[in-house]
Amino acid sequence: MKISDIILLAADNLKRNVFRTVLTAFGVAVGIGSLSSMISLGKGVSTNISKQMESNDLFTGLTMSSRSIDFDGSSNKTILSDEKKETVPLTDSILNEIRSWEEVATAFAEQIKPATIKLEGKSAVTNIKAIPLEMSSFYPFNKINPGSFYSSESEPSVILSKIVLDKMGITSSLDSLIGQNIEIITRVFDLDKIDLITSKKKQLPVKNDTTILKIKGIVQTSSFSAGIFNDGIFLPPLTCSFIPSIDLRNVYDIINGEQGKYGKCNTVHVRVKDFSMLKTVKLRIEDKGFSVFSIGDKLEDFEKIFFMLDTVLAVIGSIALIISVFGIVNTLIMAIYERRKEIGIMKSLGATARQIKFIFYFEAAIIGFVGGVFGVLCGKLVSQVSGNIANSQLGNFIDSNIEYFAFSWEIVFFSILFSVAVSILASIYPADKASKIDPLNALRRE
Amino acid sequence: MALIQVEHLSKTYKKGDNKIYALRNINFDIQEGEYVSIVGKSGSGKSTLLNLLGGMDTSAEGGVYYNGKNLLTMSEKELSYHRKFTVGMIFQSFNLIPSRTAIDNVKLPLIFSNYPIMLRETRACELLYNMGLYNRALHYPSELSGGEAQRVAIARALANKPKVILADEPTGNLDTATSAEIIGLLKMFNEKHKITIIMVTHDKETAHKVSHKTILLSDGEIIKITSNRNQ
């Protein structure tokens, strides 16, 4: 018996009870629909997070620190390991050496100053951050809109974060803000007030200092960008260093009487040219006695988490498929009882047990295939609708449209293949039962 | 050498502690091209004997030899082959598949025997034409009369050109005129194509009229074998 004969016989048998076949295939479609959409959800989430991280240059950035900080979370609290090992100061020479490495695109010391900013009569407390010119080719500074990145290390202008503008409640168009002046108010020591302390009046020896700079551009970050670039205003390093502000680290040094022990800064941000170079640079920095943290370094952990997520979602999706398998078994067993005499006739005409089995396998395979195709279509439709709803509901919190479900051709192909395979598996018992029908007994029952 | 040899064939059923003989020590030979009728009352073991000859049942003692090969010791695969190519079966209740048209019913044994796809339609049409049913080819069994349905069953039994036709009361559900028509058809195939016919029937008169040999069974035993060589 040829495969085409078996397919035709199987299709004929299924056509005889269209309603039951459709219901069984619908069960399979629900199962495959839920499985494929769950897998595509898992894939979508992991792909999107990875993509967002990659496009936000999170995999090429690392942060080095002069203090050993337990970033791996082996303990729940951050450990300043001064008592464990000697701290290597983060000096300009170290910074320059790292900058000179071939793999490094840029490295800059973190310079953050707390400030109050005033614009269009509105104000907000934020941080001013020094960002070097080399960062103009990295996210988010390669996506400044409106405006542009500053062109020199001492330009008296700033890049504003959209988040800060939202915090201030500024509603005017972003374009109209470019070129406007912004007031940056910082706190500085007021030596005159030191006398007041000695005279026991409770007033801190500080006063406000106002710097006025021009807005050069506005940067809009996604929720996946590194913390340092999310919020605040960004200035050329020299401009930033000219803005007076109390440096709390200096105060710490003064109190400890160890001025300069920790170097000129606490933290240095490094950008490597390519993700493949990250590990080498990280090891070289660690060899110098510094702590290094990078998200790229945690990629393997992310992959493990994504794999677990995919597995859990696939298991959830499989539940409906397992239920539909019982539907196939039920349909085929019903068919055996109904077609008992017919199977007897076939055997009396010379059909072998194997041929009878194959007719049932193919009936199941057809149900699986039809259910698989419709399941994938339903899954695609449901995921499309769910994705749209999620984007419309979460649009306020997440600034870019995310494709939550990654419905690839691989998922389509393997879902249909899986559906057919599972259906054939489900038909093994009924097919075996059908093949063992005694023709004599079957023909006697009239 | 005889085409079929039945030797010391016995079949028993168990009823409680008692052993009941459905067939007891049956012995006979059938030559190629013979028309043999098995007659007897209900429960005499006629159909049981026919089923053993058709390889539908193998749970018996003794031997049923086709060209020297014992059906009772054949594997399931060999029995399928026997049912496919050596014998064609006709039943009292026609046993056509109700969901398949007349032509599709005739094509069924051709499917199981791997008959070339392109030639199946021609072969089935030829058989139905010979049965005078060409115009009923696309009708379902429920749309056919008893005589027509039995002729479709005969066409189906002949599909793979078997040497032997086993007919289990082929006229049992038919009126006298139609019965005569069916018996006539079987006789025609026997004479024209030298197909061996083994027919189970209640009707001794018809059996004597058409058969070369009549086997009379009673309570599972052969009472008499009559030869009608003039047939």
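**Exercise 1.** Determine in which hand helix 13 of chain A passes helix 14 of chain A, and how the two are oriented.

Solution. The crossing of helix 13 of chain A with helix 14 of chain A is right-handed (the near helix is turned clockwise from the far one by less than a right angle). In this predicted model, local features need pLDDT of at least 70 and side-chain atom pairs count only at pLDDT 80 or more, while totals for chains, interfaces and linings use all residues. Residues are numbered from 1 along each chain as written, and chains are lettered from A in the order in which they are written. The axes of helix 13 (residues 353-394) and helix 14 (residues 409-435) of chain A lie 7 Å apart at an angle of about 150°, and the pair is therefore roughly antiparallel (over 145 degrees). Their contact comprises 19 nonpolar, 9 polar and 3 charged residues.

**Exercise 2.** Classify the orientation of helix 3 of chain B and helix 4 of chain B.

Solution. The axes of helix 3 (residues 102-112) and helix 4 (residues 117-130) of chain B come within 9 Å and cross at roughly 120°.

**Exercise 3.** Is Glu126(B) buried or exposed, or in between?

Solution. Glu126(B) belongs to helix 4 of chain B. With 16 other C-beta atoms within 10 Å, Glu126(B) is partly exposed (buried needs 20 or more, exposed 12 or fewer).

Terms used. Axes fitted to C-alpha atoms, helices over the stretch in contact; angles between N-to-C directions. Helix = DSSP H or I, 4+ residues; strand = E, 2+ residues; numbered from the N terminus. Parallel < 35°, antiparallel > 145°, perpendicular 65-115°, else oblique. Nonpolar A, V, L, I, M, F, W, Y, C, P; charged D, E, K, R; others polar.
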